[in-house]
Amino acid sequence: MTFRALGPHENVDLSAFGRDPLWLILVKAVAVFAFLVLTVLAAILIERKVMARMQHRYGPNRLGLFGILQSLADGIKLALKEGITPSGVDRPVYLLAPIIATIPAFLAFAVIPFGPEVSVFGTRTPLQLTDLPVAVLYILAVTSIGVYGIVLAGWSSGSTYPLLGGLRSTAQVISYEVAMGLSFAAVFLYAGTMATSGIVAAQDGTWYIFLLLPSFAVYAISMVGETNRAPFDLPEAEGELVGGFHTEYSSLKFAMFMLAEYVNMTTVSALATTLFLGGWHAPWPLNLWDGANSGWWPVVWFVAKVWVFLFAFIWLRTTLPRLRYDQFMRFGWQLLIPSALVWILVAGGVQAWALAGHDTTVLAPVVSVAFTLAVIGVLAVRHRKQKTPPEPPDPQTYSLPFDPMAGGFPVPPLPGQYLPEHTSTEVSHG
């Protein structure tokens, strides 16, 4: 495999877009919508079955053959349930919030390429609704709007726990969107374009997961935080916040939040496929077949790659416990963002070396792997230091003793406060 990067002087040809007749545009839009809805229905069922298998229990197996109608039954159940609107809500915002959360999730898929140009009823058209010179920035902008739905849902509910869930989501999404945006910068440097079709074309030889492994790692972690999925589902941490920002929602309004979550999962998975896994290009050794990247076959490769990421979402939810909020935010600001910034400098240096006429076929993947291992080493050293218990300070140095029962009920000590021996004994025997 060879590395082919588009230089800044090379313009990506977008002339194939914007020429489709109106009927074909409508067909494409309906096809994208149907793909997302069917993917959500399948993902809900497969998630329940995979989680059941991993946890040694039965999954859905009653409705339809092997339970394949379970997702449809859940949708009908939500549609027929009574929609309860609490009396203290801000009604217009309360009703608008699920719509704001759902629509951007669908709009982001407009610039995702499913395949090359094909013939549809005699008309040549790319398997992509449209493309823009700044398509990736468009995806970032559109998906950022979805968080307003979560924030407004928590605020308009007039309840404490939904408000806390909305505030958590605001901080979480802003923090991890910074890391996600930085992971895209190296892709733009190597591809020389922000158009999704151009990024896929630039990976005709070598996928960017090999050349930009640190960027892929940062994006893979960030996309889990962006979609509020376990172990980063802190805005709706059931053990702490009851149900999070959608506690006061029911019926179809609740279903729209769930739909937005799964569509966002599909969107970030498709974006990862486009930016790092060659998009619709066939994997090795299937790419040795001459017809692998032509016709309708690329749609199969694209969907298969997307489902690899969806399975990873399910796997993480099944196996990992939820992080504490301070751990999650510290991880983003103190590790992901600094690592992404340093990696942009390193990747920019390698790309500048390539544009100067030097061969970077071996250098680029070697630097990528070496940087990833260096970050993992730093993370391991920090983890080892954190596991070392600190030296307990001398209680005599504190002039004010801490009484956990001073307020009438036991409270834990704050940092720097320690229980006197007589107090801890009285509490334990009380």
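**Briefing: helices and selected residues**

Helix H4 has 22 residues and spans 33 Å from its first C-alpha to its last, close to the 32 Å expected at 1.5 Å a residue; the expected span is 1.5 Å times one less than the number of residues. The model is predicted, so local features need pLDDT of at least 70 and side-chain atom pairs count only at pLDDT 80 or more, while totals for chains, interfaces and linings use all residues. Residues are numbered from 1 along each chain as its sequence is written, and side-chain values use heavy atoms, with hydrogens and water left out.

**Overall make-up**

- The protein has 14 helices and two strands; these are DSSP runs numbered from the N terminus, with helices (H or I) of at least four residues and strands (E) of at least two.
- Of the 430 residues of the protein, 43% count as buried (under 20% relative accessible area; exposed is over 50% and partly exposed in between, with a 1.4 Å probe and protein chains only).
- Among contacts (heavy atoms within 4.5 Å) between residues at least 6 apart in sequence, 77% join residues at least 24 apart.

- Helix H1 (residues 22-54) has 33 residues and reaches 47 Å from its first C-alpha to its last, close to the 48 Å expected at 1.5 Å a residue.

**Packing of H4 and H5**

- Helix H4 (residues 135-156) packs against helix H5 (residues 160-191) at an angle of about 170°, with the axes 8 Å apart; axes are lines fitted to C-alpha atoms over the stretch in contact, and angles run from 0 to 180 degrees between N-to-C directions.
- H4 and H5 are therefore roughly antiparallel to each other (over 145 degrees; under 35 is roughly parallel, 65 to 115 roughly perpendicular and the rest oblique).
- Residues of H4 in this contact include Val136, Leu140 and Trp155, and those of H5 include Pro162, Val173 and Phe188.
- By class, the contact of H4 with H5 has 13 nonpolar, seven polar and one charged residues (Ala, Val, Leu, Ile, Met, Phe, Trp, Tyr, Cys and Pro count as nonpolar, Asp, Glu, Lys and Arg as charged, and the others, Gly among them, as polar).

**Two single residues**

- Asn228 lies in the loop between helix H8 (213-226) and helix H9 (238-241), and counts as buried because its relative accessibility is 6%.
- Arg330 is in helix H12 (residues 325-355) and is partly exposed, with a relative accessible area of 35%.
- Arg330 and Ser175 are 155 residues apart in sequence and 9.9 Å apart in space, C-alpha to C-alpha.
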